[in-house]
Amino acid sequence: MSAIVTTDLASTDDTSLGLWPHLGYTGARLDRAGLRRGEMESFLADPHARACVISGESVVLRRLPGFIAGMEEGPGSCTALFPLAEAVALGGRLGEACLLGLDGEVPHLVLPLPAAALGALTERPELRPDLLVIDLRSIATRELASVEETGQLATAKAMLAWHARRSFCSNCGGRLGMAEAGWRRDCPACGAQHFPRTDPVVIMLTVDGDDCLLGRSARFAPGMWSCLAGFVEPGETFEDAVRRETLEEAGIATGAVRYLCSQPWPFPMSVMTGFHAVAASREIAIDPNELEGARWFSRDEARLLLTRTHPDGLVAPPRMAIAHHLLRAFVEGKDPPAG
């Protein structure tokens with residue numbers, strides 16, 4: 001599959017937002033092949049099969065020809081997919097492979113990489129100068145791999161995270177076995193079947209006319225302000241979760257809530273659902289356990305956050321983050337491009 005390249009329009013105006021950036025982790029266009037997951041044996045035997053290798057937060061990339069180790073890697077400078085035999089040679093565990101999907105008839109898989117194998121790659125990088133070991137957030141933020149491959153990595157990382165947490169049956173405690181190309185784990189003791197889970201999160205920009213509400217957590221990068229967010233609770237709609245989280249975190253009541261877009265968030269296995277909410281109050285009262293600050297930003301000031309030209313050095317989240325897209329939708333007065 002060809003890479004999708006997104007670049008901003010050239011402009012002498014440093015407050016120009018240019019072309020709408022790509023929403024991170026949303027580029028995978030593989031056929032997930034849900035009806036063919038019983039064919040894993042043949043997929044693993046396919047000489048054309050491709051695989052990525054991941055160890056915890058670390059992803060192994062290969063620098064593409066023309067990019068030299070030690071130089072700053074730029075957009076599209078790496079690939080995450082290796083021939084399956086090479087992925088195994090790097091230390092990937094073939095017996096724990098998960099099927100990501102099919103590119104035509106070519107299987108794409110993910111193999112977990114043991115810590116010892118990861119150590120062998122990172123301790124002697126001079127032995128494989130064509131390789132780069134890096135975390136998935138950095139891959140997406142720096143656009144090191146194609147949009148398509150970054151989307152596949154999101155699925156890959158989330159699947160391995162689920163498997164790492166699902167070794168034993170929550171019904172009887174028996175050890176589970178992999179089935180359906182990694183998309184199910186079965187308990188031989190009680191017959192229970194376990195399926196990958198995704199935890200839904202709401203992320204919202206509350207708007208009052210030409211102002212929007214942003215918050216700041218102590219774990220954020222210096223100067224960064226972002227949308228509020230929180231997990232959806234049992235028995236709760238997405239809209240109710242938006243209202244509850246905004247009230248809990250910032251003391252702001254909200255009325256109408258409107259969905260804009262969503263983003264896979266494989267840290268470890270969530271999906272971010274993005275909304276705009278209409279404020280019904282103005283006085284902020286933060287929960288100090290969640291935020292170190294919250295404030296209203298004007299539309300013009302929000303634009304400066306997006307272009308990173310705010311006089312106080314304040315910035316919005318990176319272009320690949322859904323919070324960036326929710327804020328840009330407010331600034332421009334239009335919805336993000338359809339996913």
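Author: The side chains of Arg124 and Glu126 form a salt bridge, with N and O 2.4 Å apart. A salt bridge here is a side-chain nitrogen of Lys or Arg within 4 Å of a carboxyl oxygen of Asp or Glu. The model is predicted, so local features need pLDDT of at least 70 and side-chain atom pairs count only at pLDDT 80 or more, while totals for chains, interfaces and linings use all residues. Residues are numbered from 1 along each chain as its sequence is written, and side-chain values use heavy atoms, with hydrogens and water left out.

Arg124 is partly exposed, at 45% relative accessibility, and Glu126 is also partly exposed, at 49%. The terms are set by relative accessible area: buried is under 20%, exposed is over 50%, and partly exposed is in between (1.4 Å probe, protein chains only). Another salt bridge joins Glu96 to Arg93, at 3.8 Å from N to O. Glu96 has a relative accessible area of 34% and Arg93 has 39%.

Arg244 forms a salt bridge with Glu236, with the closest N and O atoms 2.6 Å apart. Arg244 is buried, at 15%. Through shared partners, salt bridges join Glu233, Glu236, Arg244, Glu245 and Glu248 into one network. The whole structure has 25 salt bridges.

An unreviewed UniProt entry annotates residues 196-320 as "domain: Nudix hydrolase". Such positions are given in the numbering used here, feature names are shortened, and annotations may be inferred rather than shown by experiment. This span is 18% helix and 38% strand, and its end C-alpha atoms lie 25 Å apart. Helices (H or I, at least four residues) and strands (E, at least two) are DSSP runs, numbered from the N terminus.

In helix H7 (residues 299-307), the buried residues include Leu305 and Leu306. The buried residues of H7 pack against strand S12 (211-216), strand S16 (293-298) and helix H8 (322-332). Just after H7, Arg308 has a positive phi of about 60°.

The largest nonpolar core has 77 residues, and Leu214 and Leu327 are among those with the most contacts inside it. H8 supplies the largest share of this core, 7 residues. A nonpolar core is a set of buried Ala, Val, Leu, Ile, Met, Phe, Trp, Tyr and Cys residues joined through side-chain atoms within 4.5 Å. Leaving aside neighbours within four places in sequence, the residues in contact (heavy atoms within 4.5 Å) with Leu214 include Leu205, Trp225, Leu305 and Leu327. A second, separate core of 16 residues includes Met204, Val232, Ala250 and Ala277.
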